[in-house]
Every structure is written in structure tokens, then in C-alpha cells.
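Trainee: I've never looked at this structure before. Could you walk me through its ligand site, pockets and cavity?

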Amino acid sequence: MTLEKKTLYLLPEALEILENGFKNLPQTCYSIDLNAIRKVLNEVALRMQDNYPYHHPYYIGQMLKPPHPIARLAYTLSLWINPNNHALDGGRASSAMEKEAVAQIAKMFGWEAFLGHLCGGGTMANLEALWVSRCLRPGQKILASQQAHYTHNRICSVLNIPFESINVDTNARMDPVSLRRVLDDGNVGTVVVTIGTTATGSVDPLPEILKLQKSYGFRIHADAAYGGYFILAQNLETQTRATYDVISQVDSMVVDPHKHGLQPYGCGCVIFRDPSVGTFYKHESPYTYFSSSELHLGEISLECSRPGSSAVALWATQRLLPMVRGGVFAGNLTDCRFAALELFNRISSDARFLTGLRPELDIVVWAIKSESSSESSRLSDEVFEAASRSDLHLAKANLPMSLFLGTWKDFKWDQDYVTCLRSVLMKPDSLNMLDNIWNILSKTVDETLKKSRQLKGEISSDD
Ligand SMILES: *Cc1c(COP(=O)(O)O)cnc(C)c1O
């Protein structure tokens with residue numbers, strides 16, 4: 001494949017427009033050694049060959065989505081200014097763009113009044129949300145499902161908040177019955193609802209959790225780092241859609257533009273429904289804030305210096321691809337789920353595989369059929385390696401036996417988890433490439449199973 005380079009030629013024209021804003025200043029004259037730079041840059045290019053092809057549709061392993069060319073260009077263009085969105089003194093334009101971009105995200109979830117900002121990523125965003133939860137509910141527990149992102153537990157330990165995890169049902173969604181049992185023990189301040197778990201893309205049942213909130217009065221934080229943008233998709237199952245339909249009722253929310261929002265890494269977003277939580281951030285920096293009485297983003301965020309370039313890239317992407325139902329951006333999310341369903345349908349009608357969870361978003365998990373969980377796990381490891389040698393890059397997920405116990409007959413659970421194969425189909429052309437992906441997978445599995453049977457002496461080595 002070739003890398004997308006066409007759009008690079010738009011950069012000099014845009015840079016000229018940018019430099020026109022500063023043409024009254026005298027020329028600076030520090031020298032640049034082009035040859036030395038070229039030498040190092042080409043060395044970097046060589047070093048960077050040592051990567052999985054994250055940008056290619058054959059990479060269906062972890063959650064890696066290539067940034068849109070507009071995001072790459074706008075980010076790069078803004079680096080000539082290198083704004084810092086901590087304070088307006090550090091980045092006037094990019095701070096305004098951040099406020100506009102975050103308002104668009106809040107609007108997508110149905111919020112007009114809110115408080116929010118960008119930050120380094122989902123973990124930092126969740127940390128801020130849970131910190132605000134602690135300010136409002138000091139000493140009270142935070143609950144999240146067993147399939148919630150592992151960082152919630154760790155964030156709670158950083159913040160010294162008691163944490164407890166809640167069982168999931170066979171769809172890997174938080175189980176409301178188990179939740180109620182823990183709520184009955186009392187002292188729960190916040191429930192973290194995962195809108196799209198990282199392992200399986202499961203969406204916790206927010207409508208049921210909101211019903212429990214009426215009796216128990218906890219706060220709800222939605223971790224939609226990966227799944228948030230699927231609110232725009234047009235092909236969700238009824239139950240999944242029901243959660244997105246009431247998402248505006250949560251108290252705080254996290255979404256990662258660097259997951260499904262076509263942004264380079266370093267772009268997370270946290271938003272609060274009640275803007276008055278901003279008072280918890282109050283501080284008096286002796287260094288900044290002398291330039292204006294307008295809100296500085298540093299007054300409502302835990303991080304100090306932040307890349308204004310992230311805001312510029314996000315703003316530009318949202319300008320080109322508005323986040324509206326029926327738009328191009330939304331259509332891509334719909335396609336991602338179609339791709340996941342298509343792969344799932346092929347896998348689930350194929351005798352070599354075992355499936356359970358039907359994809360709610362764009363993640364597919366499945367196992368290799370065999371007599372036991374240890375053997376199936378071993379085969380997943382082998383298929384994972386062999387597929388990678390054929391340029392198809394999958395991921396693996398260790399999933400608990402409780403998810404599949406009722407579904408997989410004649411399967412011996414000699415260990416209480418199974419290593420599944422896992423794929424995130426989040427590339428713009430995942431759907432178009434599905435036949436190729438399937439052919440490589442199918443061939444790899446045939447070869448792996450054959451080799452395994454030969455090694456066990458079940459078939460002779462020249463079969
Ligand atoms: C990715 C993810 C996170 C962590 O976000 P980072 O941007 O990697 O820090 C948290 N929660 C969920 C559900 C995620 O998918």
C-alpha cells in the first residue's frame with residue numbers, strides 16, 4: 001500500500017495564510033541545516049517501519065483508527081504556533097476552537113448547558129469525572145462492571161475512593177440484579193456505566209440503571225470513551241439504542257476523540273451536565289490568567305499545559321465532517337458496525353468457531369471450537385500468531401467462562417476463562433475489505449487446525 005500523501009500539498013498554502021497574520025514582525029534568522037534534518041528524518045522513517053500497519057484495514061486488532069487527513073493537517077499547521085490551551089495567553093484561537101468543539105460533542109449527547117474540556121485521553125478524563133464524584137460524594141463507593149476499563153479501579157485507588165465491581169450478564173453488560181444487591185449494602189456515591197466496553201463493545205443497560213437511580217440516588221458517570229460516537233450510528237439493536245436514547249440523563253461523560261473521532265492520540269474529552277461543578281477546580285495560579293476576564297480552560301481542568309493543536313485538529317475535523325445523523329461521519333460508524341456484524345455472521349455460521357456475544361458496536365469476539373477452554377485458548381494464541389505472519393492482525397481477549405457457560409455445549413471448562421480472538425473493525429474501509437480479511441482468517445485457521453491435529457497424531461503429516 002502507499003500512504004496518503006496527496007493532502008500534504010495543501011499545507012504550504014495554508015501556512016502562507018497563517019504567516020500573513022504575523023507579517024508586520026521582523027524576519028528571524030536562525031539557521032536550519034536541511035541535510036542534517038533530512039538525514040535524521042529518514043532515519044525516523046526507517047525506525048517507524050517497525051510497527052504493525054495500524055492504518056490498514058488488515059489491522060483489526062486493538063482500537064486504532066487512523067486520524068483523518070484534515071486532523072493530521074490542522075494539527076501540523078497549528079504546530080507553527082504551538083498553542084497551549086491551559087490559558088488564553090497560551091492559545092487564544094485554539095481555546096475558542098476547543099470550546100466550540102466540546103460544545104458540539106455535548107450537543108451530540110443532547111446537552112446545551114454543560115461544563116467540559118479536552119484532555120490527554122480517556123483515563124485522564126475519567127480521573128477528572130471520578131474526582132468530581134468524590135468531591136460531591138466524599139467517602140462513598142464507586143461501582144463499575146467487571147468489564148469496565150481496568151483504569152477505573154486504579155483511578156479510585158489514586159483518589160482513595162472505595163471501589164467495587166459489579167457482575168456482568170451473558171452479554172458482558174452490567175447486571176442490574178447484582179447492582180441492586182450492592183446498592184442495598186448502601187454508601188454508593190457513583191455508578192460508572194460503560195457505553196461500549198473495551199473488550200467486547202458491550203453497552204451497559206442505562207435505562208434500568210436510571211430506574212435504580214430513582215430509588216437509590218447515586219450519581220451516574222458514563223464511560224463512553226470508545227462507544228460514545230455510536231450515538232450517531234443508524235443500525236444499533238433496540239436495547240443498545242435505548243441506552244443512547246437516555247444518555248443525556250447521566251451526570252458526567254467521557255468520550256475519546258482519539259478512539260472513534262478520527263483524532264491523533266492525546267485527545268480525550270470530559271463533560272459534566274451541571275456546570276457548577278467547575279467550582280471544585282478553583283485555584284489561583286500565580287503565573288497565568290492576567291490577560292482576560294474570560295474563562296481560561298485551565299480554570300476548569302486538572303492538567304496545566306495541554307496541546308492546543310489537539311483542539312485545532314478536532315475543530316477542523318468536526319467542521320469538515322459534522323457530527324450529525326445521516327452525515328458522512330455517522331455513516332462511517334454505521335459501516336463499522338455492519339462490518340462487525342458481517343464478520344460475526346460468517347464466524348457464527350462456521351463450524352470451526354464458537355461465538356457468544358453478538359456485536360453491539362464494532363467489536364467481534366470469538367473462540368476456536370475445541371474440546372476444552374485450555375485447548376481453545378492455545379489455538380487462539382496460534383491463530384493470532386499465524387494470522388499476523390499473513391499480514392492479518394487480530395487481538396486476543398481473556399474472557400470469563402460465565403459469559404459462555406450456557407451457550408457452548410460439550411465444552412470442558414478446565415480453566416475458568418477462555419482466550420478469545422478479538423477484532424475491532426473501525427477502519428473507514430473495513431467493510432470493503434471484509435472478503436479479503438475473511439479469506440486470510442479462514443485459511444489461517446485451516447492451517448493451524450491441521451498442524452495441531454498432525455502434532456497430536458490424529459492425522460498423518462502428509463494429509
Ligand atoms: C480506551 C478506554 C479508556 C481509556 O482511555 P485512554 O484514552 O486510553 O486513556 C477508558 N474507558 C474505555 C471504555 C475505553 O475504551
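Predicted model: local features only at pLDDT ≥ 70, side-chain atom pairs only at ≥ 80, totals over all residues.

Trainee: Which atom of the ligand lies 2.7 Å from a polar side-chain atom of D223?

Mentor: That one is a nitrogen atom. T123 also has a polar side-chain atom by the ligand, 2.5 Å from an oxygen. The protein covers 87% of the 380 Å² of accessible area that the ligand has on its own, with areas taken from the Shrake-Rupley method with a 1.4 Å probe.

Trainee: How many residues surround the ligand?

Mentor: A residue is near if one of its heavy atoms lies within 4 Å. Around this ligand there are 13, and the closest are T123, D223, D256, H258 and K259. Helices are DSSP runs of H or I, at least four residues, numbered from the N terminus. α5 supplies the largest share of the shell, 3 residues.

Trainee: What classes do the shell residues fall into?

Mentor: Ala, Val, Leu, Ile, Met, Phe, Trp, Tyr, Cys and Pro count as nonpolar, Asp, Glu, Lys and Arg as charged, and the others, Gly among them, as polar. This shell has 2 nonpolar, 8 polar and 3 charged residues.

Trainee: Now the pockets: how much space lies in the largest pocket?

Mentor: Picture a 1 Å grid over the protein atoms alone: a pocket is an open set of points with protein on both sides within 12 Å along at least five of seven lines, whereas a cavity is a set where a 1.4 Å probe fits but cannot get out; lining residues have an atom within 4 Å of a point. Points are joined across faces, edges and corners, and the volume is the space filled by probe spheres set on them. The largest pocket holds about 1,800 Å³. Its lining has 45 residues, with L3, H55, P66, P67 and R72 nearest the centre, and α2 gives the most, 5 residues.

Trainee: Why does the largest pocket lie between domain 1 and domain 2?

Mentor: Because domain 1 (77-283 + 292-320) and domain 2 (328-456) both give residues to its lining. Those bounds come from an automatic or database domain assignment.

Trainee: What about the cavity: which residues line it?

Mentor: The count is 1 cavity of 30 Å³ or more, and about 40 Å³ of space lies in the largest cavity. Its lining is Y229, G261, Q263, L314, T317, Q318, L321, M323 and F329. Helix α11 (residues 308-320) contributes the most, 3 residues. By class, the lining has 5 nonpolar, 4 polar and no charged residues.

Notes
Residues numbered from 1 in each chain as written. Heavy atoms only, no water. Polar contact = N/O pair within 3.5 Å; in protein donor to acceptor, adjacent residues only side chain to side chain. Helix = DSSP H or I, 4+ residues; strand = E, 2+ residues; numbered from the N terminus.
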